[in-house]
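Biologist: Could you walk me through this model, with some thought given to the backbone? I have a few questions ready.

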Amino acid sequence: MTGTDLLRLDLSEDAFEKIAAILAERTGIRLEPGTQRLVVSRLSRHLRRLGLNNFEAFLDHVLGPNGTDDLAAMIDALTTNTTRFFRESGHFRILEDQIMPRLAEKARAGGRVRIWSAACSSGEEPYSIAAVVEKCMPDVSQFNFRILATDIDSKVLKAAEEGRYASAARRDAGPDFAARLFEKATGADDTLRVRAALRNLVTVRYLNFMDPWPVSGPFDVIFCRNVAIYMEPDTQMRIWSGLEQVLDRDGVLFIGHSERIGPPLSDRLELFGPTSFRRPGAAISS
């Protein structure tokens, strides 16, 4: 199959619905009607690699006994991984100004502190968190303070573990945090690497929200942003409820600016900043 042939690939409505159903079942993510072109653009290289000429044959393969790895590759290709350092910067200002003073005090008093970056993608979010933590608590490595980073996409998790980024990442971090975040990557002219001290704060793990969660908490802070927006309302509520259950009594949950937490949780989570939630009466600095 040539590149020209790929441009002519036709995704039938039936094949699109089957792909959407697989994605929803495995990840909870829904494909909106009208996104067929997106599916074709993201999956066409996999058809080419397999030597297949249509999506019906591709579906037969990924659902067959020899298609397990390619099914995983399909799901990875269709999950959205848009991210950058300090995306939705207001949350990081809240972390620095209102949350970290209490967490530093807790850790120095011998307490256990855990922050969870759910749907961490290629690592920009958890390393942004780590940079804020180290700025507020330069001796953080001496205490029981860890950041958990999870995602459903195995490829981006490898990138997160490596912590290497194009030099453009310096611009997203800004001059202050760029100096805290990066060192020059060995043997790479245009690559930065997150400093080892920050990488050592972060543990990277696979997690699919549709499977049993291999976490128990409690977490002092949870970032789960721009994930539930792609899911059905009942799946969204199941995720919000699950996150609330592993949130510390004084914990904070950050969600994406296009996401909403419904009334069923209004007695357990209250808004105190832009898409920033705490338990009623939680200890947040002013």
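**Backbone questions**

Modeller: Happy to, and let's start with a loop: Pro218 sits between strand S6 (202–206) and strand S7 (219–224).

Biologist: Thanks! Is the peptide bond from Gly217 to Pro218 cis or trans?

Modeller: Keep in mind that this is a predicted model. For the bond that joins Gly217 to Pro218, omega is near -5°. That makes the peptide bond cis.

Biologist: What pLDDT does the chain average?

Modeller: Of the residues, 94% score at least 70. Residues 1–7 fall below 50, and that stretch has nine contacts in the model beyond near neighbours in sequence. For the chain, the average pLDDT is 90.

Biologist: Now to Glu88, which has a positive phi although it is not a glycine. Is Glu88 buried or exposed?

Modeller: Glu88 is found in the loop between helix H5 (68–78) and helix H6 (89–108), and its phi is about 55°. Its relative accessible area is 15%. Buried means under 20%, so Glu88 counts as buried.

Biologist: Last one: is Ser121 buried or exposed?

Modeller: The relative accessibility of Ser121 is 5%. With the cut-off for buried at under 20%, Ser121 is buried.

Terms used
Residues are numbered from 1 along each chain as its sequence is written. This is a predicted model: local features need pLDDT of at least 70, side-chain atom pairs count only at pLDDT 80 or more; totals for chains, interfaces and linings use all residues. Side-chain values use heavy atoms; hydrogens and water are left out. pLDDT is the predictor's confidence in each residue, from 0 to 100. Contact means heavy atoms within 4.5 Å. Helices (H or I, at least four residues) and strands (E, at least two) are DSSP runs, numbered from the N terminus. Buried means under 20% relative accessible area, exposed over 50%, partly exposed in between (1.4 Å probe, protein chains only).
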